[in-house]
Amino acid sequence: MNTDMIEAHELSKHYGDLHAVRGVSFEVKAGEIFGILGPNGAGKTTTLEMLEALRRIDSGSARVAGHDVSREPDAVKRAIGVQIQSAAFFDKVRLEELLSFALSVYHVRGVTPRDLLARVQLSEKARSYPEQLSGGQLQRFSIAMAIAHAPEMLFLDEPTTGLDPQARRNTWDLIRELRDDGITILLTTHYMDEAEFLCDRLAIMDKGSIVALDSPAGLVEQLLDTGFTRTQEVRPATLDDVFIHLTGKELRD
Ligand SMILES: Nc1ncnc2c1ncn2[C@@H]1O[C@H](COP(=O)(O)OP(=O)(O)O)[C@@H](O)[C@H]1O
Ligand SMILES: [Mg+2]
């Protein structure tokens with residue numbers, strides 16, 4: 001049996017002259033939390049959008065949940081949940097109504113908006129409007145929307161960017177719970193602590209290419225194998241060191 005939920009093979013994408021994704025290959029196993037860690041502009045969102053059948057693949061191929069993304073985009077979309085980087089909801093519609101709409105679009109039976117709200121700890125907000133939610137609550141709500149149709153696979157694009165430390169940790173707990181419920185997760189982040197805490201394996205992406213792929217601990221070991229030493233050895237090498245070693249110190253916007 002094939003247990004890879006995602007097989008990406010030499011994915012490539014151009015925007016005009018810009019080669020935004022340059023032959024990216026990786027697999028995501030069923031049941032894992034896989035991270036793509038990279039600075040701004042690395043090509044993370046473009047990679048996700050190609051896998052989600054939202055953006056055309058220029059060259060290369062991908063299978064998601066057993067379906068070829070280019071040939072069977074509708075089957076892929078049914079199998080996955082997608083939380084986009086800046087989700088926008090109708091501000092004058094209550095949360096339970098938005099979820100009710102999502103459940104009816106997907107013809108989901110036996111699940112209520114209240115069930116979904118309970119799953120993301122927003123039960124008391126059923127009658128609130130999106131504009132009344134904090135950043136963390138809005139993020140959890142967008143996850144509830146993304147899992148309404150019980151997808152096998154969930155894509156999260158920078159799920160905690162802009163959240164305060166408590167809301168970030170709360171979102172991390174939710175992501176782990178979803179994985180424990182059997183949902184495979186592919187997320188992007190530029191936070192080392194997040195990658196280290198959440199991801200079973202992670203790909204470090206820079207300038208359109210994957211420059212390393214391993215477990216967080218494996219990446220640190222690989223760095224130490226290169227003979228890397230800190231100038232001030234007050235603590236062992238961390239994922240931060242790996243990231244800077246591989247992607248450099250130059251500022252990205
Ligand atoms: N629709 C687009 N048109 C032109 N260039 C784009 C478009 N989307 C992204 N880019 C460019 O492609 C590169 C990769 O972007 P993106 O995939 O959003 O990276 P990341 O998510 O890692 O920040 C960046 O240089 C970005 O400016
Ligand atoms: Mg992005």
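Start with the cover over helix 8. The buried residues of this helix are covered by, among others, helix 7 (192–198), strand 9 (201–206), strand 10 (209–214) and helix 9 (239–247). Contact here is heavy atoms within 4.5 Å. Helices (H or I, at least four residues) and strands (E, at least two) are DSSP runs, numbered from the N terminus.

Helix 8 itself runs over residues 216–225. Which of its residues are buried? P216, G218, L219, V220 and L223. Buried is under 20% relative accessible area, with a 1.4 Å probe and protein chains only. After helix 8 comes G227, with a positive phi near 90°.

A word on provenance. This is a predicted model: local features need pLDDT of at least 70, side-chain atom pairs count only at pLDDT 80 or more, and totals for chains, interfaces and linings use all residues. Residues are numbered from 1 along each chain as its sequence is written, and side-chain values use heavy atoms, without hydrogens or water.

Now the whole chain. Nine helices and 10 strands make up its secondary structure. Of 253 residues, 47% are buried. Among contacts with a separation of 6 or more, 65% come from residues 24 or more positions apart.

Dimensions next. The C-alpha trace spans about 55 × 45 × 40 Å along its principal axes. Why does a radius of gyration of 19 Å agree with a compact globule? Because a compact globule of 253 residues would have one near 18 Å. The radius is taken over C-alpha atoms, and the globule rule is 2.2 Å times the number of residues to the power 0.38.

How values were computed:
Chains are lettered from A and ligands numbered from 1 in the order in which they are written. Buried means under 20% relative accessible area, exposed over 50%, partly exposed in between (1.4 Å probe, protein chains only).
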